[in-house]
Amino acid sequence: MPLNIVVGITGGIAAYKAVGVVRALVLAGHDVHVVPTEGALRFVGKPTLEAISRNPVHTDLYEGVAEVRHVAIGQAADLIVIAPATANAIAKLAAGLADDLLGNTVLASEAPIVIAPAMHTEMWANAATQANVATLRARGVTVVGPAVGQLTGADSGPGRMEEPEAIVAAALAVVDARVAGDPGRDAPATGDLAGRRVVVTAGGTREPLDPVRFLGNRSSGKQGIALAEAARARGAEVTLIAANLEVADPAGCDIRRVSTALELRDALRAAVAGADVVVMAAAVADYRPAAVSESKIKKDQSDAGLTLELVRNPDILAELGAAPHDGTLLVGFAAETESDADRLLELGRAKRRAKRADLLVVNRVGWHAGFAADDNDVVVIGRDDRIVTEVRGTKSSVAHGIMDVVVSELGTAADGAASTR
Ligand code: C5P
């Protein structure tokens, strides 16, 4: 169901990225009304916002008085997204000021409000801003970000506006959560994955040695979460199988927590029935200790080393690939340290074949690349070993690039052309 969404844009350099938020909401089928402040219009032009939103853009409180525009826009809204929200805008919202069209729109609306703060780190950390944010949160406003990263100047830290895809995902999830609590309305199912069930595994498994120790890996779960958020933003019903995530849960997903590879396998088996897509982004341990000690393993008094005996874990993706899985698109990942691009691709191709995945996403990892980073650089290999796409950028844009391929593969399958799986 298309929503009437107000996107408020306030005066910060991140205003140019708000164009991406408007565009994503329009492409997802929503009716978007942009309300920029005067400050925002110094960073991004009204014609751009009108062209992208496909609606007239108003900013002046004293225009359109006859149609009582200062309250009409807010009254009609199903959702208000303010991106970027500057420190000043957050202060005004917390105080309930209505000295411009955006302030009036917010006060006149009963719609959920989502804000994406953007400012320099010192301004974000300032006690006044933090108190204002706490006030807004207490009133039920959803705060997305800010992200940690490079700011406008040479500095970096918390304060960067979240990526448009993440803002859109969080905003639509807020509406879904409201609708879920209101049985009188149908959940909005818009986007190119509407009606699809997507299962994503994310994070890294931990294999216990004793009550205090485990064998693990450096996967943070960021890419898997970004994939779950991207699928959700595009209308899918998402089950996230989360293995020891080091980042916040995504909104709007059914989350099943696991720790070991065997637990992940059980959770996946339970979730996979009827799924249109399974994305295996989790780093699953290939081995686990042969025995788990009931008590903490003690140091030997001698200087002798310790030998651990490990046994193989099942290859969960290969099991899914080998079992009948008609109608379920399997997407595997290969994290490799190989530096030669051709060798890396060969490893990916061999892995796709061995595991019988439909798509295999190859990314190079190392001490400083891949796992905990905010950016990623991947190649997606399809059936017939062809490169379907290459995407480089934030993990959110990489996730959307992968979902673009998923959408096109699902379309092909629906046309009856994907019989080679
Ligand atoms: O063989 P490798 O670990 O590189 O394969 C990576 C892909 O296989 C990932 O999609 C990962 O989630 C999956 N995998 C699995 N079970 C394992 C190991 C990896 O499903 N035991």
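This is a predicted model: local features need pLDDT of at least 70, side-chain atom pairs count only at pLDDT 80 or more; totals for chains, interfaces and linings use all residues.
Local features are taken at pLDDT of at least 70 and side-chain atom pairs at pLDDT 80 or more, while totals for chains, interfaces and linings use all residues. Residue numbers run from 1 along each chain as its sequence is written, and side-chain values rest on heavy atoms, with hydrogens and water left out.

Cores come first. A nonpolar core here is a set of buried Ala, Val, Leu, Ile, Met, Phe, Trp, Tyr and Cys residues joined through side-chain atoms within 4.5 Å; buried is under 20% relative accessible area, exposed is over 50%, and partly exposed is whatever falls in between (1.4 Å probe, protein chains only). The largest such core holds 34 residues, and Leu 227, Leu 240, Val 279, Val 331 and Val 406 touch the most other members. At least two residues each are supplied to this core by β8 (197-203), α9 (222-233), β11 (237-243), β13 (277-280), β16 (329-336), β17 (359-364), β18 (375-381) and α13 (395-414). Helix α13 gives the largest share of the core, seven residues. Once neighbours within four places in sequence are set aside, Val 406 is in contact (heavy atoms within 4.5 Å) with Leu 193, Val 277, Leu 329, Val 331 and Leu 359. Another core, of 33 residues, lies apart from this one, and its members include Leu 3, Ala 40, Val 57 and Ala 116.

On to charges. Side chains of opposite charge can pair when their charged atoms come close. With a salt bridge taken as a side-chain nitrogen of Lys or Arg within 4 Å of a carboxyl oxygen of Asp or Glu, the count comes to 22. One of them joins Arg 196 to Asp 276, with the closest N and O atoms 3.4 Å apart. Arg 196 sits in the loop between α8 (164-180) and β8, and Asp 276 in the loop between α10 (261-272) and β13, so the pair ties together parts that are 80 residues apart in sequence. Arg 196 is partly exposed at 26% relative accessibility, whereas Asp 276 is buried at 16%.

Arg 265 and Glu 319 also pair up, at 2.7 Å between the closest N and O atoms. This bridge links helix α10 to helix α11 (residues 316-322), across 54 residues; Arg 265 is buried at 19% and Glu 319 partly exposed at 30%. A local example is Glu 346 with Arg 349, at 3.1 Å: the two are three residues apart in helix α12 (residues 341-355), so about one helical turn separates them. Asp 358, Arg 383, Arg 386 and Glu 409, for their part, are linked in a network of salt bridges.

A polar backbone atom of Ala 282 is 2.7 Å from a ligand oxygen, and an N or O atom in the side chain of Lys 355 is 2.8 Å from an oxygen atom of the ligand. A ligand nitrogen, meanwhile, lies 2.9 Å from a backbone N or O atom of Pro 314. The protein covers 88% of the 450 Å² of accessible area that the ligand has on its own, as computed by the Shrake-Rupley method with a 1.4 Å probe.

Methods:
Helices (H or I, at least four residues) and strands (E, at least two) are DSSP runs, numbered from the N terminus. A polar contact is a pair of N or O atoms within 3.5 Å; within protein, one must be able to donate a hydrogen and the other to accept it, and residues adjacent in sequence count only if both atoms are side-chain atoms.
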